[in-house]
Amino acid sequence: KDGFTVAIDGPAAAGKGTVSRAVAEHFGFAHLDTGLLYRAVGAKVLEGMTAEEAALTLVAGDLDNDQLRTNAVAEAASKAAAIPEVRAALVDFQRSFAMRAGGAVLDGRDIGTVICPDAQVKLFVTATPEVRAERRFAELAAKGFDVTLAEVLAEVQARDARDSTRAEAPLKPADDAVEMDTSTMDIATAVARAIELIKSRI
Ligand code: C5P
């Protein structure tokens with residue numbers, strides 16, 4: 001399935017990552033979590049680099065880092081992601097990933113709208129802010145990060161607001177995206193629905 005692209009977008013902790021990894025494994029597609037690109041930029045900003053320079057000098061090795069999962073990095077990522085030059089510097093890498101032999105799944109905020117507007121499958125995964133904050137809180141707590149649910153909810157809401165209202169590539173469903181609300185859905189159901197949708201387009 002060369003050039004077959006699955007675009008999965010949505011707000012933080014809606015289940016995009018879990019669904020993306022599962023469908024990539026099911027179909028043998030390559031998977032790119034594009035949030036990691038912005039998180040790697042955010043991490044370098046916290047170390048003192050400018051966001052523009054960090055985006056231009058990003059290398060694959062920068063994405064393989066557990067410390068990219070913190071709230072501080074997420075916030076720095078979301079601020080850097082509003083800068084047009086940062087987004088522009090990351091476009092080619094994402095588009096060439098989408099064209100990989102054998103098919104690809106990309107998950108993020110603007111894959112169906114900006115990066116891969118011709119993707120064969122576009123899925124927009126949502127859940128209520130409360131449900132998403134609980135999921136992210138459980139994830140962070142399991143990794144030993146010292147956070148409270150209230151802090152995580154505030155962070156998720158601030159990030160959603162910034163991501164949805166920015167001028168460049170705001171978080172929103174593409175006109176032709178299929179929306180899936182996972183608030184009361186278990187992982188197996190969400191994955192099964194995504195697999196059915198993709199099968200119907202292959
Ligand atoms: O998905 P994740 O929470 O790791 O993304 C971190 C931040 O990176 C998001 O809050 C968003 O600001 C930015 N991002 C983006 N476009 C993408 C993926 C992530 O702007 N395609």
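Reply: Contact here means heavy atoms within 4.5 Å. Helices (H or I, at least four residues) and strands (E, at least two) are DSSP runs, numbered from the N terminus. The model is predicted, so local features need pLDDT of at least 70 and side-chain atom pairs count only at pLDDT 80 or more, while totals for chains, interfaces and linings use all residues. Residues are numbered from 1 along each chain as its sequence is written, and side-chain values use heavy atoms, with hydrogens and water left out.

On the side of helix H1 (residues 16-27), Thr18, Val19, Ala22, Val23, His26 and Phe27 take part; they meet Ile187, Ala190, Val191, Ala194, Ile195, Ile198 and Lys199 in H9. By class, the residues of this contact are 10 nonpolar, 2 polar and 1 charged (nonpolar: Ala, Val, Leu, Ile, Met, Phe, Trp, Tyr, Cys and Pro; charged: Asp, Glu, Lys and Arg; polar: the others, Gly among them).

The axes of H1 and H9 (residues 187-199) come within 9 Å and cross at roughly 50°; axes are lines fitted to C-alpha atoms, for helices over the stretch in contact, with angles from 0 to 180 degrees between N-to-C directions. H1 is therefore oblique to H9 (under 35 degrees is roughly parallel, over 145 roughly antiparallel, 65 to 115 roughly perpendicular, the rest oblique).

UniProt, in an unreviewed entry, lists residues 6-47 and 58-199 for "domain: Cytidylate kinase"; such annotations may be inferred rather than shown by experiment. Residues 6-47 are 57% helix and 19% strand, and residues 58-199 are 52% helix and 11% strand.
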